[in-house]
Amino acid sequence: MTAAFEGIGASVRRKEDLRFISGRGHYTDDINRPGQLHAYIRRSDRPHAKIVSIDTTAAAAAPGVAAVFTGADLAGIGGLPCGWQIHNKDGSPMAEPKHPVLAEGKVRHVGDPIAVVIAETKQQAKDAAELLDIVLEDLPSIASVTAAAAPGAPRVHDDVAGNVCYDWHIGDKAAVDAAFARAAKVVSLDLTNNRLIPNAMEPRAAVGDFDPTTDDYTLYTTSQNPHVIRLLMGAFVLGLPEHKLRVVAPDVGGGFGSKIYHYAEEAIVTWAAGRLKRPVKWTAERTESFMSDAHGRDHVSTAEMALDAEGHFLALRVKTLCNMGGYLSTFAPAVPTYLYATLLAGVYKTPAIYAEVKAMFTNTVPVDAYRGAGRPEAAFLIERLVDTICHDTGHDRVDIRRKNFIPVDAFPYQTPVALQYDSGDYFTTLDAALKAADWAGFPARRAAAKANGKLRGIGISTYLEACGIAPSKVVGSLGARAGLYEVANVRVHPTGSVSVFTGTHSHGQGHETTFAQLVSDQLGVPLSQVDVVHGDTAKIPFGMGTYGSRSLAVGGSAMVKAMDKIIAKGKKIAAHLMEASADDIEFKDGKFSVAGTDKVKTLGEIALTAYVPHNYPIETLEPGLDETAFYDPMNFTFPGGCHVCEVEIDQDTGVTSVVNFVAVDDVGRVINPMIVEGQVQGGVAQGIGQALLESAVYDEAGQLLSGSFMDYTMPRADDLPNITVGTESTLCTHNPLGAKGCGEVGAIGSPPAVMNAVVDALKDLGVRHVDMPASPQKIWAIIHSNRPRMAAE
Amino acid sequence: MPQVTLTVNGKSASVEVEARTLLVELLREKLGLTGTHVGCDTSQCGACVVHVDGTSVKACTMLAVQADGASVTTIEGLAKADGTLHPMQEMFREHHALQCGFCTPGMVMSAIDLVQSHPEGLTEAQIRHGLEGNLCRCTGYHNIVKAIAAAWPIMHGKVPAAAE
């Protein structure tokens, strides 16, 4: 019997699914430790206020309460660190005010934690928190970046003038100015990128545990990167050395960036467990998630393109204000700079680019990376600008893109904003998407819709992103305070089964299957004999975690390197057993053979020999078959592609329906097509959500108005279409797998495709641009404010 | 404190609870059935859906005392004693209808009720509308809709379950 193909390229059903569909997933809130206490956090309901007094007497005396802690109790520990330092135009470092674990003296956003009550039960802790007598004195506050930048704006931090975290730039200003001076045409567009709340379905949770016999701490947490949390919390907040602190991120119910960062609650439960000598558990209620999980996006920009008479892009000038929120989250400063402005070339050969980015503090929840992180903001800006150019000049939307694409033979391609693209073919993804979406047949569909009283539009985006984060030397030179390599440990057991320990983390991506396929393919071991282990600093040598679509491109490459070492060692053992030279040993399909002979040893036989080394070259070779590799990438990877969206607008209700969506992406090597398709569909759903439904709404003072699922419009099943996914890949040239990454492409390429379709649908009304989200209210108002003019025409 | 006696996944349980205890808290915290999840505090997300006397219920909208005398089925109780999965579980796996798995238990329980209550057939639009009470942030619902459509004929005896 031939076993079903389960290696690279097979849509193997996921190994992890059995536990998830049976209710046996093991998430942080499912963990209960003996003697466990429960924490409830009392948060600010004000955007900006001075803490006048906190009286904990009544709360501390309430039934079941073990302890009440405030900022004063935690004064001896460090603030939450920021992992990336940006420098201003003048070379000075960014403003980096302290981010206390519990508020010290002031609160700076709704949701800022003030005090924690720890009790025998969750209900007792919550009841007692109501008894805290907290006196706040309101201070003037601001929520938007434009308000923060206004002259005389209230200061979020007393020592940060003008609320400016940094004022940064990239590119050749003189070259751009010169190009604008000689341009035949300049097209300008003001646009915002709406603030989003990630809302992974599993709320954040953390359990701190302390073992008094060893003084060891364990933190169970909903994290995308347990080693990073161990480093940040251990070294910068609590002063715990790595060998005394274990961080476990078990099954994690979605992250999308929001679970990268080190959060206050992780430090609180770990510290309190040590203080109280009992485990302490905290689980966010969804309302807390809305006001304490890092938000995403929130840019206000002006983009200008200089063109020649034929529609060639000569230069791009961008000015962006971005929102950091009340404090700096872990990677916040990197998002609107090196993950955004460096992407402004997109897929185009624009010869000169200059971008200025000013990051502002406001009285809102900290903003950090959310699926795509900076790259969706760049793609949205470029692709909306390209369509606006067509609107203003009459160029065809497809032709102008083709005219300005980086040619296929121009790779490696150096952009004017630092990045060097290794590979890509934007023409092929464009053609495939246009075909799949029947772009040519659209006029007939538009006419049919019009006959039914509907406004139909079609939109395109040809986007690019950078992921596979990242070469440590490069990011270090740009301000990162960490390396961004990845680690894999491949352990071949004595009887030939394999455990793979990866520093990446799976919170929905299906690593237990994809990585097992990779190992099965390379080592010739059946999939059922490979287990992938992640999410525990006590088991895995090291790792930087999962974000920036890096797991396969960087983590998978580390695995390949570790397997190369396994095979190299296996060849030496095989050579000894078969009395041949190691140079003559070939390895294929799990078998070591002597070239040109029928002598063969299986990987299992070699493994057994390695662990039972009775007949073994012990003088020159250690026993065992267990190898670790650290892989630091040579470059970023550059997925890209083309998304086409078709919408229909109901004029009476303003509701925009996505009637067709096609994504054709270049994600490099694909291990499991089924999983890649699912990743793209999920990303597109979030992108459609951003474009049509979602927005974190603050009032002017900073009160969060969209603070629950009742108020924040999450995409539901009947808001979304079927999503057609295709891949047209070129291989990454610098990692051993040729993999580029697929986790974020959906969320990056889709918002501009949707909004270009919406604007196209409204073009007869003279509409030039619509900001996201294209909510029914907004679209209805646009249609109806234009009605009199339509009637007059 | 009130005593609640109910049947959960075919087994009788009698538990003392605070009057304000929610059914989902009873299941997760008193009975250790952590397959039923809590994803929100406004009864919007559907991660906690279980069956109470055969009908899907958001276990965060029901007090434990209201379930006194009821028969409750959770995700842990769907598979047969020999481990054979329910067709809906099988179809979720077959069609890659889950990623992080957090919404999955509630999604599966809702989907089963949806299919059972539509013996006449289910259109894609009906499936999408029927899932309004369940949020998924990972999949974009595309494959969930496919899985439910594939489970309908199996659950209604129109095609045999996939041969082992």
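I looked up the largest cavity of the structure, and its volume is about 210 Å³. By cavity I mean, on a 1 Å grid over the protein atoms alone, a set of points where a 1.4 Å probe fits but cannot get out; grid points are joined across faces, edges and corners, and the volume is the space filled by probe spheres set on the points. I noted that this is a predicted model, in which local features need pLDDT of at least 70 and side-chain atom pairs count only at pLDDT 80 or more, while totals for chains, interfaces and linings use all residues. Residues are numbered from 1 along each chain as its sequence is written, chains are lettered from A and ligands numbered from 1 in the order in which they are written, and side-chain values use heavy atoms, with hydrogens and water left out.

**Entry: cavity lining**

I counted as lining any residue with an atom within 4 Å of a point. The largest cavity is lined by 24 residues, and A:Leu80, A:His99, A:Tyr263, A:Ala264 and A:Ser292 are the closest to its centre. I took helices (H or I, at least four residues) and strands (E, at least two) as DSSP runs, numbered from the N terminus.

By class, I recorded 12 nonpolar, 7 polar and 5 charged lining residues. Here Ala, Val, Leu, Ile, Met, Phe, Trp, Tyr, Cys and Pro count as nonpolar, Asp, Glu, Lys and Arg as charged, and the others, Gly among them, as polar.

I then checked the domains, whose bounds come from an automatic or database assignment. The largest cavity lies between domain 2 (31–139 + 201–254 + 259–290) and domain 3 (299–469 + 635–786) of chain A, because both give residues to its lining. In total, the structure holds 10 cavities of 30 Å³ or more.

**Entry: backbone**

Most residues other than glycine have a negative phi, and most peptide bonds are trans. I therefore listed the exceptions below.

A:Phe411 and A:Pro412 are joined by a cis peptide bond with omega of about 0°. I placed A:Pro412 in the loop between α10 (397–404) and β16 (413–414) of chain A. The bond from A:Ile469 to A:Ala470 is also cis, with omega near -5°, and A:Ala470 lies in the loop between β18 (454–464) and α13 (472–477) of chain A.

A:Phe256 has a positive phi, near 60°, and sits in the loop between β11 (245–248) and α7 of chain A.

A:Arg297 has a positive phi of about 65°. I found A:Arg297 in the loop between α8 and β13 (299–307) of chain A, buried at a relative accessible area of 4%.

Notes. 1 Å grid on protein atoms, 1.4 Å probe; cavity = no way out; pocket = protein on both sides within 12 Å on 5 of 7 lines; lining within 4 Å. Buried < 20%, exposed > 50% of the residue type's maximum accessible area, 1.4 Å probe, protein only.
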